[in-house]
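Keep the 3D view open as you read.

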Amino acid sequence: MFSASEIYSFDRAGRLLAAFNGRSHFWRGLSGIAVEKFSEPAKTKQVIPLSLAAADELVRTAQQRAAALGGDVVERIRQYDPVADRQAYAETYGKVPIIPPDQYLSLVLQVAKGCPWNRCTFCDFYRDQKYRLRTPAEFREHVRRVEQFLGPSQLLRRSLFLGDADLLSVPQPALLGAIDTAREVFPGRFVYGFSEAISVVRRTAPELAALREAGVRRLYLGAESGHDPLLEYYDKRSRSAHVRRAVAVMKQAGLAVGLIFLVGVEARFEERHAADTVDLALSLPLGPGDMVYLSPLHQAPAEDLRRRLAPLQERGAKVALYDIRQMVY
């Protein structure tokens, strides 16, 4: 921190994570991708992805400013090569399409690549990937490479997020084995992941309880809407009944719940989508430790739906915006 309007944050491997120049906040991921976030005078938050050249220039500026400080960590900052690190990331992960906002500083490990359904018309995160489950040997090698890639910066990442799109598409024995491998290499961290509601209800409460015993703490379900005709329109595999059953069995097993609902759907569905989504969310046994995310399509406002879900916050659940433009890993 050189002044209140010039601040840089690095991890212990020397990677730039964040910067502030008095007007804009910059967030940079392990991938080398960075975004600029700022507010106009009217307080409208803007999120702008930086080009890789601009992101690398941000790194160079931070390196030059830090160079005069001295010390072991500063030496790592000075030696850090963003181009080489970006290549190492690509070799380690390929890509991490999306994770929940509260997991942006998690340690991502990919038990599988892609999405086993991959047909939802509103989602293109996994369009260019064919779903593939890693074998135990492949996953162990992946974990080893992630450990090597992160180096000392792994200390910053205090939870494990097992990807990609549907953790419970992985058979129970293979999933328990993968969790054991992950926590053996990265001990003391709890486990989180995405899942489809329809995949959750295929597990029994004792099976989900076994996952909790192994270290799983929260699963995030892309519920999207409480209005089934909209889910059918989007070719979504799960329906509102699956979400109800999934939340019930997760609660029975002691798992926390993360629900994601869309905002800004097609106009002809908007009224029923909002009403049925509120009805669904408020009918669920959500409380402390649970989260509800509102994810806008087409930069649509989420204030009305967030206001209508306020009773969930009174129960101790959190309701927050999920702006995918801000996602960097």
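Which residues in α1 meet which residues in α3? From α1 come Leu52, Asp56 and Val59; from α3 come Pro82, Val83 and Arg86. Bear in mind that this is a predicted model.

**Helix pair α1 and α3**
- By class, the α1 contact with α3 has four nonpolar and two charged residues, and no polar ones.
- Helix α1 spans residues 52-66, and helix α3 spans residues 82-93.
- Their axes come within 10 Å and cross at roughly 120°.
- Angles from 65 to 115 degrees count as roughly perpendicular and those over 145 as roughly antiparallel, so α1 is oblique to α3.

**The sheet**
- Seven strands build an open sheet, with parallel pairing.
- The strand order is β6-β9-β10-β11-β12-β13-β14.
- β6 (107-110) and β14 (318-321) are the edge strands, and each pairs on one side only.
- On average, neighbouring strands of this sheet are turned by 25° against each other, direction ignored.
- Strands of a sheet pair through backbone hydrogen bonds.

**Strands β12 and β13**
- β12 covers residues 256-263, and β13 covers residues 291-296.
- The two strands pair in the parallel sense over six bridges.
- Leu262 stands opposite Ser295 in β13.

Terms used:
Residues are numbered from 1 along each chain as its sequence is written. This is a predicted model: local features need pLDDT of at least 70, side-chain atom pairs count only at pLDDT 80 or more; totals for chains, interfaces and linings use all residues. Side-chain values use heavy atoms; hydrogens and water are left out. Axes are lines fitted to C-alpha atoms, for helices over the stretch in contact, and angles run from 0 to 180 degrees between N-to-C directions. Helices (H or I, at least four residues) and strands (E, at least two) are DSSP runs, numbered from the N terminus. Angles under 35 degrees count as roughly parallel, over 145 as roughly antiparallel, 65 to 115 as roughly perpendicular and the rest as oblique. Contact means heavy atoms within 4.5 Å. Ala, Val, Leu, Ile, Met, Phe, Trp, Tyr, Cys and Pro count as nonpolar, Asp, Glu, Lys and Arg as charged, and the others, Gly among them, as polar. Two strands pair if DSSP finds at least two bridges between them.
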